Amino acid sequence: MARKSTIHSRLRAAQQTEKQGELTVALALYAKVTASAPLQAEAWHRQMVILRRLKRPQQELQLIKKAISAYRKGNTDAQRDWINTNRDKVENSRALAQTLGLIDEEGLPNNSDQVTDKWTQRLMLLETRLKNAEKRSAKKKSAGKPQKKS
């Protein structure tokens, strides 16, 4: 994982590039950020926005799926790292956390992640939009064909 200062400087460069209207370059810069820092939600989000602006729904769909997976894995890895680093704190609070239903069997938090929840909703909306577009396209094609007389 890259250092925080490197990640933030890359993120600022991507944001500046996007403001200048160089969307494909900004997209690549944001991708570099998320490759080294999968928990950088803003960089994932900006990639989704750029793909929407560039009218690339299939790429946006794939990116959302990738973002959800990478973010959840990164979050789980970060939680496990914290648990391993703070064993004494974990052991002292494990029973209470289990009683309150705050952790699962592995000792990881049972919390809903607002970031991936939003992305999941975005994914479902985009899939619906793409299906509806396919249906409209199919109707237009069938309406444009001459009908056979029986």
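**Entry 1: the α6 helix**

I began with what the buried residues of α6 pack against, and found α3 (41-53) and α4 (57-85). For contact I used heavy atoms within 4.5 Å. My helices are DSSP runs of H or I with at least four residues, numbered from the N terminus. This is a predicted model, where local features need pLDDT of at least 70, side-chain atom pairs count only at pLDDT 80 or more, and totals for chains, interfaces and linings use all residues. I number residues from 1 along each chain as its sequence is written, and side-chain values use heavy atoms, with hydrogens and water left out.

Which residues of α6 are buried? I listed Thr116, Trp119, Arg122, Leu123, Leu126 and Leu130. Buried means under 20% relative accessible area, exposed means over 50%, and partly exposed is in between (1.4 Å probe, protein chains only).

Next I checked the span of α6, which covers residues 114-144. Its 31 residues should span 45 Å at 1.5 Å a residue, and the end C-alpha atoms are 45 Å apart, so the two agree. The expected span is 1.5 Å times one less than the number of residues.

At the N-terminal end of α6 I found a cap, Asp113. One of its side-chain oxygens lies 3.2 Å from the backbone nitrogen of Val115.

**Entry 2: the α3 helix**

What covers them? After α3 comes Lys55, and its phi is positive, near 60°.

I looked up Tyr71 and found it in helix α4. Is Tyr71 buried or exposed? Its relative accessible area is 10%, so Tyr71 is buried. Leaving out residues up to four places away in sequence, Tyr71 touches Pro38, Leu39, Ala41, Asp113, Val115, Thr116 and Trp119. That list has the α6 cap Asp113 in it. I also took the distance from Tyr71 to Met124: they are 53 residues apart along the chain, and their C-alpha atoms are separated by 18 Å.

Thr17 sits in helix α1 (residues 4-19). Its relative accessibility is 11%, so Thr17 counts as buried. With residues up to four places away again not counted, Thr17 touches Glu22, Val25, Ala26 and Leu29.

**Entry 3: salt bridges**

How many salt bridges does a search of the whole structure find? I got 6. A salt bridge here is a side-chain nitrogen of Lys or Arg within 4 Å of a carboxyl oxygen of Asp or Glu. Side chains of opposite charge can pair when their charged atoms come close.

One of these bridges joins Arg53 and Glu18, with the closest N and O atoms 3.9 Å apart. Arg53 lies in helix α3 and Glu18 in helix α1, so the pair ties together parts that are 35 residues apart in sequence. Glu18 counts as buried because its relative accessibility is 8%. I also saw that Glu18, Arg46 and Arg53 are linked in a network of salt bridges.

Next I wrote down Arg52 and Glu60, whose side chains meet at 2.8 Å, N to O. Glu60 lies in helix α4. Glu60 has 1% relative accessibility, so it counts as buried, whereas Arg52, at 34%, counts as partly exposed. Beyond residues up to four places away in sequence, Glu60 touches Met48, Leu51, Arg52, Arg122 and Leu126.

My next pair was Glu91 and Arg94, with a salt bridge of 3.3 Å, N to O. They are 3 residues apart in helix α5, so about one helical turn separates them. Glu91 is at 47% relative accessibility, so it counts as partly exposed. Arg94, at 22%, counts as partly exposed too.

**Entry 4: a nonpolar patch**

Which residues make the nonpolar surface patch of about 320 Å²? I found Leu96, Leu100 and Leu102. Patch residues have over 30% relative accessible area and no salt bridge; like charges are joined within 9 Å, and nonpolar side chains (Val, Leu, Ile, Met, Phe, Trp, Tyr) within 5 Å. Areas come from the Shrake-Rupley method with a 1.4 Å probe, and for residues only the protein chains shown count as cover.

Leu100 lies in the loop between α5 (87-99) and α6. Its relative accessibility is 55%, so Leu100 counts as exposed.

Technical notes:
Helices (H or I, at least four residues) and strands (E, at least two) are DSSP runs, numbered from the N terminus. A polar contact is a pair of N or O atoms within 3.5 Å; within protein, one must be able to donate a hydrogen and the other to accept it, and residues adjacent in sequence count only if both atoms are side-chain atoms.
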